[in-house]
Every structure is written in structure tokens, then in C-alpha cells.
Amino acid sequence: FSSVELTQEYLNRISSIDPTLNSFITVTDELALKQAHAADEAIAGGNTSPLTGIPVAHKDLFCTEGVLTTCASKMLHNFIPPYESTVTGRVKMAGAVTLGKTNMDEFAMGSSNENSHFGAVKNPWNLDTVPGGSSGGSAAAIAAGLCVAATGTDTGGSIRQPASFCGITGLKPTYGRVSRFGMIAYASSLDQAGPMARSAEDCAYLLQSFAGFDSSDSTSAETSTQDYLESIEAPLTGLRIGLPKEYFGEGLDSNVAQIVMNAIKEFEKLGATVKEISLPNLNLSIPSYYVIAPSEASSNLSRFDGVRYGHRCSDPQDLLDMYMRTRAEGFGKEVQKRIMVGTYALSEGYYDAYYVKAQRIRRLIKEDFVRAYQDVDVIMGPVAPTTAFGLGEKTSDPVAMYLEDIYTLSVNLAGIPAMSVPAGFSNGMPVGLQIMGNYFDEAKLLNVAHKYQ
Ligand code: GLN
């Protein structure tokens with residue numbers, strides 16, 4: 001079949017299934033079919049890459065030239081970027097077809113996709129549960145077969161946790177591996193884009209297309225990229241796996257723990273050795289992250305003032321009135337809360353007590369990982385303490401919601417790469433295994449995940 005037929009089939013599935021799931025904010029039918037035609041011509045001309053004609057979707061946080069980009073916020077409900085993010089531009093260059101832009105938590109703040117101006121996303125495995133967040137739209141769309149693969153972003157778990165909840169595979173690369181140019185910033189020192197798909201192999205193809213240095217992002221790493229497909233079949237004999245004892249403590253659902261332990265036994269059968277390790281500062285990751293991320297967000301989000309982009313309040317009396325009403329109307333509750341927390345933490349007199357202290361803890365967390373990787377190649381544990389929880393179950397209890405992130409945040413604070421890989425089901429709901437790797441060793445992660453799958 002042709003790319004046009006394949007694309008049409010996916011568009012049909014989206015129009016019949018997505019009214020229930022709400023995983024897309026924008027479907028780009030016309031653009032997709034145009035790209036599919038171009039892909040068919042490229043195939044006919046023998047001019048292809050592995051992504052030619054493959055239908056993908058992008059989290060609505062990546063700027064896409066000429067295509068509505070909302071970040072799931074009322075603030076950007078009418079924003080059509082005049083330029084393309086590096087990630088989406090490279091995926092396009094590789095010949096993939098863009099089906100549309102996926103739903104998410106507003107400005108990527110959340111763990112359940114319930115903070116979207118465009119409504120919550122539902123988990124395809126059970127429509128009464130959340131898909132996870134913030135890249136919940138991408139995860140749900142892949143799980144429901146509405147696209148082959150998708151992009152996501154992960155500041156504190158937003159690729160891995162929805163991947164775990166929806167039973168798909170997702171990878172958060174090393175900080176700096178992927179360009180942040182054209183990504184709407186949440187917390188710039190933590191944000192990283194990555195691939196989401198059904199398998200590690202598909203993630204490898206997608207990552208291959210967009211990883212690598214970009215002079216438009218000053219934090220983009222000049223370290224050369226690996227070939228993510230070349231070593232994907234390598235045997236796991238002698239692989240040293242570390243199991244951090246702190247990842248199996250209080251708060252972890254016993255079924256989830258069992259499924260993760262069973263997965264680890266499979267790796268032993270594949271020739272790996274397992275040893276217990278310690279990441280002693282795990283429990284400090286939540287307080288540290290929830291100071292650093294809102295602090296950076298409060299600064300990043302100051303650009304949304306009604307002057308330059310998106311929403312502007314009606315009939316402003318003067319400049320201050322415009323700023324204040326535009327921001328009060330344009331930002332949702334969770335975003336406003338984080339701006340206030342961040343502004344407070346950065347304010348004179350509190351900066352040392354909160355922000356500087358959080359940065360010190362961040363250093364300790366990073367050192368924990370650096371020490372651990374002297375003895376092991378990868379670290380494994382759960383992605384989240386539970387499976388997907390009920391819609392509305394945690395919305396009134398922010399602390400319970402933030403606790404969801406306990407096993408994912410420290411990866412971003414340290415800047416290491418990590419994946420979520422489907423490991424089994426608990427009461428019919430998917431459970432992900434988290435595999436954490438050493439800096440810039442995405443190839444090893446993909447190899448380890450692929451051999452398990
Ligand atoms: N749940 C975390 C937060 O709300 C992480 C979100 C993310 O990775 N974008 O900040």
C-alpha cells in the first residue's frame with residue numbers, strides 16, 4: 001500500500017476513535033496527505049529513509065511552522081508559529097508524515113493530562129483512568145493505534161510516566177542530546193525531547209532522526225551521536241544491572257513491584273548480573289525538583305504578557321492592567337500556582353533558602369548516579385509507584401500528584417537518559433519498567449530494552 005493509503009487509514013482511525021480519547025488538539029489532515037504524496041514520490045524515486053511515509057504526531061509543545069501550537073494553554077489558543085522546532089523539522093526532513101499535534105498538560109505541568117485547556121485525555125486501556133502526563137496525548141495516541149510514533153518531552157517524567165501508564169515505550173535522552181530550539185520552555189535546565197513508540201526499535205529510528213548538535217540551542221551537546229540501530233541486537237551477556245534499594249520502598253504498589261522484579265529476572269536469563277545499589281538522595285528529588293522547575297517556569301513564562309503572542313485580555317486600561325488580566329485569564333490554575341511558587345523561591349531573601357539549597361541537593365543526586373555508574377551499566381526500577389489512576393482521583397491533592405513523580409524526577413535532575421518499557425499488567429493496566437543509563441549512552445538503553453522486548 002502507498003503512504004497516502006496508510007495516512008488516510010490513520011486519519012480515519014483518528015476521526016472515529018479520538019472523539020472518545022481526546023489525544024489530539026489539532027489534526028493536520030491536509031498537510032499529512034500532502035506529505036504522504038511527497039513520500040510516495042520519494043519511494044518511487046528510490047530516495048527514502050526509514051521514516052519515509054511513516055505517520056507520526058508531535059506533542060503540542062513543539063513549534064510547527066504554520067500549524068497551531070497551543071502548549072494546551074488558553075494563552076496560546078491562537079498561536080501559529082512562524083518557524084519550526086529543530087526536532088519536528090528534522091523528523092519532517094526524514095520524510096515522516098505529520099498527523100497532528102497531541103494533547104498534554106498545560107505548559108507540560110502535570111502527571112495526569114488533566115491540566116489541559118482542551119480537556120483531559122483518556123487512557124485507551126480504561127477510559128475512566130488517566131493516560132499519565134504531561135505527554136499523555138502522545139502516549140494514548142500510540143497505544144490506541146492513532147499514530148505509529150510520536151514526540152514527547154520530559155522535564156520530570158513526562159515521557160516515561162505516560163509511556164508506563166499506556167503500555168508503550170518512551171525514551172528521555174541525556175540533557176543536551178536533543179535540541180530544545182523551538183520547544184516552548186518549561187524548566188530549561190531539565191527539559192528534553194524524546195521519542196515515544198510501541199517498541200524500542202521504533203524509538204531508535206525516531207531518535208536517530210532528531211538527535212544531535214544544533215547551533216540554535218546553546219545547551220545542545222557537541223558530543224557526536226551514536227548509531228542507535230547498529231548495536232540494538234547486541235547480546236546482554238555480562239550486562240551489569242543496578243537495583244537501587246530506595247526504588248522498592250514504601251509507597252510502591254506491590255503488584256507493580258512484583259512485575260518489575262519479574263522483568264529483572266528475565267534480564268538475568270539473558271545473561272545480565274544484578275546487584276543492589278543505593279541512591280540515597282532519592283527522597284530529596286521531589287522537594288528539589290518542585291523548587292527548581294517552578295523557579296525556571298516563573299522566569300520562562302514571563303514572556304506571555306499579551307504583547308507578543310497569543311491571548312490578550314479585552315479593553316486593557318493600561319499596560320499593567322493588560323499584563324495582569326491577560327495572565328489571569330490565559331494561564332490555568334496549576335500554571336498560576338507554579339508561577340507563584342517559583343517567583344517566591346527566587347525572590348530576594350528566600351533565594352538562598354530555597355533555590356540555592358535545591359541546586360545543592362541536585363548536585364548530590366547527580367553524584368549518587370555518577371558513583372553508581374562506576375559499578376553498573378544500567379539501573380532499573382519502577383517508573384511510577386502505581387498504574388494509571390482514576391480521572392479526578394488526585395486533582396484535589398497536589399502532594400499525592402507530585403508523589404507520582406518520585407522515581408522519574410532524579411533522572412532529570414542528574415541529566416541522565418532513561419526509558420520506560422512495557423513489563424506487564426496489573427489488574428488489566430500496563431506497568432512500565434524504568435531503565436536508566438549513563439550519560440550519552442542512549443544506544444545501550446535501546447539495546448537493553450530491545451533485547452527484552
Ligand atoms: N509531573 C512533573 C511536573 O508536573 C513532570 C512534568 C514533565 O516532565 N513535563 O512538573
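Which helices are included in what covers the buried residues of H8? The points below take up this question and others for a model that is predicted.

1. **The cover of helix H8.** The cover over the buried residues of H8 includes helix H10 (333-346), helix H11 (352-372), helix H12 (398-403) and helix H13 (409-414). H8 is mostly covered, with twelve of its 16 residues buried. Among them are Tyr289, Tyr290, Val291, Ile292 and Glu296.

2. **The length of helix H8.** Helix H8 comprises residues 285-300. At 1.5 Å a residue, its 16 residues should span 22 Å, and its end C-alpha atoms are 22 Å apart, which agrees.

3. **The annotated active site.** An unreviewed UniProt entry places the feature "active site" at Lys59, Ser134 and Ser158. These residues span 100 residues in sequence, yet no two of their C-alpha atoms are more than 11.0 Å apart, so they gather at one spot.

4. **Lysine 59.** This residue is found in strand E2 (residues 55-59). Lysine 59 counts as buried because it has 32 C-beta neighbours inside 10 Å, where 20 or more are required. Beyond its neighbours within four places in sequence, lysine 59 is in contact with residues including Thr102, Met104, Ser135 and Thr153.

5. **Serine 158.** The loop between strand E4 (149-153) and helix H5 (160-166) holds serine 158. With 36 C-beta neighbours inside 10 Å, serine 158 also counts as buried. When residues up to four places away in sequence are not counted, serine 158 touches Ala108, Gly133, Ser134, Ser135, Gly152 and Thr153. One of these, Ser134, is itself annotated in the UniProt record as part of the "active site" feature.

6. **The sheet.** Eleven strands form an open sheet in the order E1-E3-E2-E4-E6-E5-E10-E11-E9-E7-E8, with mixed pairing. Strand E1 (24-27) and strand E8 (273-277) are the edge strands, each pairing on one side only. From one strand to the next, the twist averages 30 degrees.

7. Strand E7 (residues 240-244) and E9 run parallel and are joined by two bridges. Glycine 242 has isoleucine 379, in E9, as its bridge partner. Helix H14 (residues 442-452) lies across strand E5 (169-172), E9, strand E10 (418-426) and strand E11 (429-436), and runs at about 20 degrees to E10.

8. **Aspartate 397.** Is aspartate 397 buried or exposed? Aspartate 397 lies in the loop between strand E9 (378-382) and H12, and with 10 C-beta neighbours inside 10 Å it counts as exposed. Aspartate 397 and methionine 429 are 32 residues apart in sequence and 23 Å apart in space, C-alpha to C-alpha.

How values were computed: Residues are numbered from 1 along each chain as its sequence is written. This is a predicted model: local features need pLDDT of at least 70, side-chain atom pairs count only at pLDDT 80 or more; totals for chains, interfaces and linings use all residues. UniProt positions are given in the numbering used here, feature names are shortened, and annotations may be inferred rather than shown by experiment. Helices (H or I, at least four residues) and strands (E, at least two) are DSSP runs, numbered from the N terminus. Two residues are in contact if their C-beta atoms, placed from the backbone, lie within 7 Å. The expected span of a helix is 1.5 Å times one less than its number of residues. Two strands pair if DSSP finds at least two bridges between them. Axes are lines fitted to C-alpha atoms, for helices over the stretch in contact, and angles run from 0 to 180 degrees between N-to-C directions.
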